[in-house]
Structures are given as C-alpha cells and as structure tokens.
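This report looks at how two chains meet in a predicted model. Please keep the sequence and the structure in view while reading.

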Amino acid sequence: MEPLAFAYGPLMAAVDMYHQCAQGQLKCTFITAGADIAGNGISEAEVSARALIKAGIPTQAIIREEESLNTWESSRHVGEILHSLKPKRVVLLQSAPMMKRSLLYLEHFGVIAEPMAAAYLTTSHTNMSATGLNFLAAEVGFQEHFDIWRYTLYNYLGWNEPKEPPLALGELSQSST
Amino acid sequence: MLLNLIFALFIVGIFSLSLRLNKIATLSLLVSVLGYLSIASSALPEYLMERLQTPYSPRLQSPVTDDTAFVVFGMGTQKDRGR
C-alpha cells in the first residue's frame with residue numbers, strides 16, 4: 001500500500017520539516033492519522049508513517065493515530081495525543097484545499113495549529129489542461145465548502161460535541177500566533 | 001458526482017420536454033448546460049479553489065523551533081502497483 005496522490009504534498013513538507021529539525025538539532029514529532037478505512041489490513045497512519053520512514057524520518061519521531069475514520073475523528077484523536085504530548089508548537093501539514101476545514105475541526109478539539117499548506121490544486125496555472133481536472137477541482141471545492149457549512153450548521157443546532165478549551169502550548173507558539 | 005448530477009438534470013430536461021413540461025424542461029436544461037460550462041471553462045473550480053487555498057502559505061510563519069509537533073492527516077491509500 002502507498003499514500004494516495006493527494007497525500008504526497010503534505011508528506012514531502014513533513015520530510016522538509018524533518019531536515020530543518022535535524023539541522024537545528026531540534027526535537028520534532030510527527031503525528032500521522034487515519035484508520036484502515038479500505039480494509040486492506042494496514043492503516044492510513046501506518047502507510048503515511050512508512051512513507052516518512054522511507055524518506056529518512058526516524059520511526060521514534062513518528063506517532064501513529066490509527067483509530068479515526070474521517071477528518072473529524074482524526075482531529076479528536078490527534079487533539080487527545082497533543083493534550084498528553086504538550087508540544088510548544090503545533091503545525092498542520094495539509095493539502096491546501098482541505099486546510100480550512102482541517103483547521104476548523106482541530107480548533108474544535110482545542111488545537112490551534114499553524115497551517116503549512118502543500119499540494120495546491122489549480123486549473124489555470126498549469127500546463128495540464130483537461131476538463132477532467134476542472135471537474136475534480138469543482139468536486140473537491142464543493143465537498144470542502146459543504147463540509148464547512150455542515151460544521152457551522154451542526155454547531156448552530158448543537159449537534160456537534162462540545163468545543164474543547166484551547167490546548168496550552170509553550171511560549172514560542174503563543175508568540176507566533 | 002457533479003458530472004452525474006449535470007447528466008441527470010440534462011436527462012430530466014429531455015424527458016420533461018417530451019412530456020411537454022416546458023418550464024421544468026427549460027430550467028433543467030439551463031441549469032445542466034450552465035453547470036457544465038461553468039466547470040468546463042474552469043471558472044467555477046478556480047473560484048472555489050481560490051476561496052479555499054489563497055489564505056494559506058506553503059511556508060511556516062517563523063523558522064521551525066524546538067518541541068514542535070507536525071500533524072499529517074490521512075488522505076487515502078492505494079495499492080502499490082508494480083512493486
């Protein structure tokens with residue numbers, strides 16, 4: 001198994017961040033999330049972790065969250081991990097079209113993450129001109145907007161679980177946000 | 001799914017036309033044709049992507065610091081073909 005095409009942008013960004021951490025001899029932790037949704041016997045978190053290890057990130061720097069079936073659950077479980085890990089700073093490495101929703105969900109579970117976007121999806125600034133690409137971008141765009149509207153509606157109706165208080169981070173993160 | 005919706009609306013339009021339900025036919029055909037053109041011309045996808053992606057940078061706001069946690073959400077898996 002390997003990560004789906006969309007996942008490589010954030011994974012490459014993670015590798016870049018690891019090199020910066022290693023260069024500055026800084027302690028950095030990488031949290032990969034996702035259960036075995038497809039029923040292949042291996043979780044998304046493990047597939048992502050293997051890709052990161054293959055790219056040179058040591059296995060002890062990676063924490064796998066293997067229970068979540070969607071972004072909402074990932075945010076909840078990653079929030080729990082971060083509450084016990086208590087890092088000074090949290091960075092979300094995410095594909096650009098999915099960034100807004102992921103930040104919203106994480107914030108709901110008390111994690112104010114710094115965004116670092118990767119894998120921008122564009123239809124005009126590319127030499128790959130295809131109607132299929134336009135439909136893919138429209139599909140992703142509508143889905144993301146729909147999920148954000150649904151989150152807002154559920155919040156309004158009180159259908160979402162209660163919002164968690166912000167995670168207490170170190171001084172560095174507070175000054176940078 | 002969008003393409004299916006547009007196609008379904010187009011079929012509804014054609015059927016409505018044959019049943020002489022002119023208002024439903026006009027509306028369905030108009031929405032399906034406009035929907036297809038707005039996506040195929042890349043106007044709608046560009047607008048949606050602009051709204052979602054523009055606020056975010058591919059760089060960190062400040063250099064990486066000690067004790068940072070990086071979160072990578074799962075974005076699907078696929079069978080490792082040819083290996």
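Which residue of chain A forms a salt bridge with D67(B), and how far apart are the closest N and O atoms?

## Salt bridge and polar contacts

The partner of D67(B) in this salt bridge is K27(A), and the closest N and O atoms of the pair lie 3.7 Å apart. Between chain A and chain B the count is 1 salt bridge, while the count of residue pairs in polar contact, with both residues at pLDDT 80 or more, is 31.

On the side of chain A that touches chain B, α5(A) gives the most, with 12 residues. By class, that side of chain A has 44 nonpolar, 18 polar and 11 charged residues.

## Extent of the interface

In the predicted model, 73 residues of chain A are in contact with 42 residues of chain B. The two chains bury about 5500 Å² between them, and 61% of this area is on carbon and sulfur atoms. E2(A), R89(A) and F135(A) supply 13% of the area that chain A buries against chain B, which is more than any other three residues supply.

## Helix α5(A) against helix α1(B)

The axes of helix α5 (residues 131-157) of chain A and helix α1 (residues 2-18) of chain B come within 9 Å and cross at roughly 100°, which means that α5(A) is roughly perpendicular to α1(B). The residues of this contact divide into 6 nonpolar, no polar and 1 charged.

From α5(A), the residues F135(A), A138(A), E139(A) and F142(A) meet L2(B), L3(B) and I6(B) of α1(B).

Terms used:
Residues are numbered from 1 along each chain as its sequence is written. Chains are lettered from A and ligands numbered from 1 in the order in which they are written. This is a predicted model: local features need pLDDT of at least 70, side-chain atom pairs count only at pLDDT 80 or more; totals for chains, interfaces and linings use all residues. Side-chain values use heavy atoms; hydrogens and water are left out. Axes are lines fitted to C-alpha atoms, for helices over the stretch in contact, and angles run from 0 to 180 degrees between N-to-C directions. Helices (H or I, at least four residues) and strands (E, at least two) are DSSP runs, numbered from the N terminus. Angles under 35 degrees count as roughly parallel, over 145 as roughly antiparallel, 65 to 115 as roughly perpendicular and the rest as oblique. Contact means heavy atoms within 4.5 Å. Ala, Val, Leu, Ile, Met, Phe, Trp, Tyr, Cys and Pro count as nonpolar, Asp, Glu, Lys and Arg as charged, and the others, Gly among them, as polar. Buried area is the accessible area (1.4 Å probe) that two parts lose on being put together, summed over both. A salt bridge is a side-chain nitrogen of Lys or Arg within 4 Å of a carboxyl oxygen of Asp or Glu. A polar contact is a pair of N or O atoms within 3.5 Å; within protein, one must be able to donate a hydrogen and the other to accept it, and residues adjacent in sequence count only if both atoms are side-chain atoms.
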